[in-house]
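Good morning. I will go through one chain today, starting with a few single residues and then moving to the whole. Please look at the sequence and the structure.

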Amino acid sequence: MSFGQVRQRRLSDDIVSQLESMILEGSLKSGERLPAERVLAEQFGVSRPSLREAIQKLAAKGLLISRQGGGNYVASELGATFSDPLLHLLESNSDAQRDLLEFRHTLEGSCAYYAALRATDADQQRLREAYEELQRCYAPGSTASRAEEGAADARFHLAIAEASHNAVLLHTIRGLFDLLKRNVVTNIGGMYALRGETRDMLTEQHRALYEAIMTGRAEEARVLSNQHIDYVREVLADVSQREQRERRAQRRTRQP
């Protein structure tokens with residue numbers, strides 16, 4: 001019986017593995033600049049040549065971008081699930097808006113379930129900060145714009161995805177972040193105009209979801225997440241029907 005030689009693992013490969021894990025888990029975000037090489041080498045406890053070799057390997061894989069004199073960055077394309085032209089197309093198409101809500105129903109329910117089971121103290125702190133920011137947008141007398149409210153809403157749901165500790169769920173939600181923001185902004189105007197109670201309903205739904213996750217009630221968190229999306233779909237269906245009635249009425253008015 002013969003045995004093959006055991007090859008010694010290069011130090012740079014260990015650095016590559018650690019950085020890849022940080023990108024996958026979301027600790028390093030798309031477009032984020034890495035610390036200076038000197039600082040990073042000290043943190044890893046390695047020489048700068050070993051660190052540079054690891055960075056070159058990650059750049060060859062398309063995970064890092066090295067800019068001459070400007071440092072090293074996580075590739076921004078990692079978070080770009082949809083291109084800008086496709087984003088505009090999706091946000092302007094009513095069927096696509098419905099499809100996105102169906103997608104969110106499936107995805108965010110799972111995120112909420114796993115977040116309730118797995119959230120660490122640090123996850124809960126980030127979720128608390130995101131929730132409090134969203135509540136400030138909802139507060140009476142708030143001067144938050146629809147765009148700011150949309151961003152706060154999306155960040156709250158992103159914080160839930162981060163707390164799920166599921167890399168596939170996280171990166172899917174993160175890739176959809178811009179679309180989620182635009183979706184909320186597009187939706188809330190019509191929702192608030194149609195139903196006066198909508199803001200209070202959304203406030204209560206987010207509160208219940210937040211508390212279920214923070215107290216580890218996983219199945220309840222999933223149900224609450226799904227109910228939240230169901231409510232949004234219901235109101236938007238009413239908005240669509242109202243718009244159709246108004247268009248029919250306008251056409252009749254123009255007829256001789």
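In which helix is the place of H157? H157 sits in helix α7. Before I go on, note that this is a predicted model.

Is H157 buried or exposed? Its relative accessibility is 4%, so H157 counts as buried, the cut-off for buried being under 20%. Leaving out residues up to four places away in sequence, H157 touches R104, E108, I173, H206, L209 and H228.

A147 counts as partly exposed, because its relative accessibility is 49% and exposed would need over 50%.

Next, S164. Where is S164 found? S164 is in the loop between α7 and α8, and α8 covers residues 167-175. With a relative accessible area of 0%, S164 is buried. If we set aside neighbours within four places in sequence, S164 is in contact with C111, Y114, A115, R118 and L169. Take Y114 from that list: Y114 and S164 are 50 residues apart along the chain, and their C-alpha atoms are separated by 4.6 Å.

Now a helix as a whole, α6. Helix α6 runs over residues 121-138, which is 18 residues. From its first C-alpha to its last it reaches 26 Å, close to the 26 Å expected at 1.5 Å a residue. Which residues of α6 are buried? They are D123, Q124, L127, A130, Y131, L134, C137 and Y138. Seen down the axis of α6, these buried residues fall within an arc of 135 degrees, so they line one face of the helix. D121 and R136, on the other side of α6, are exposed.

Last, the whole chain. How many helices and strands does the chain have? There are 11 helices and 2 strands. From the N terminus on, the order is α-α-α-β-β-α-α-α-α-α-α-α-α. The chain has 256 residues, and buried residues make up 39% of them. If we take contacts between residues at least 6 apart in sequence, 74% join residues at least 24 apart. The accessible surface of the chain is about 14600 Å², and 50% of that belongs to carbon and sulfur atoms.

That is the end of my part.

Definitions and conventions:
Residues are numbered from 1 along each chain as its sequence is written. This is a predicted model: local features need pLDDT of at least 70, side-chain atom pairs count only at pLDDT 80 or more; totals for chains, interfaces and linings use all residues. Side-chain values use heavy atoms; hydrogens and water are left out. Helices (H or I, at least four residues) and strands (E, at least two) are DSSP runs, numbered from the N terminus. Buried means under 20% relative accessible area, exposed over 50%, partly exposed in between (1.4 Å probe, protein chains only). Contact means heavy atoms within 4.5 Å. Accessible areas come from the Shrake-Rupley method with a 1.4 Å probe; for residues, only the protein chains shown count as cover. The expected span of a helix is 1.5 Å times one less than its number of residues. The arc is that of the directions from the helix axis to the C-beta atoms.
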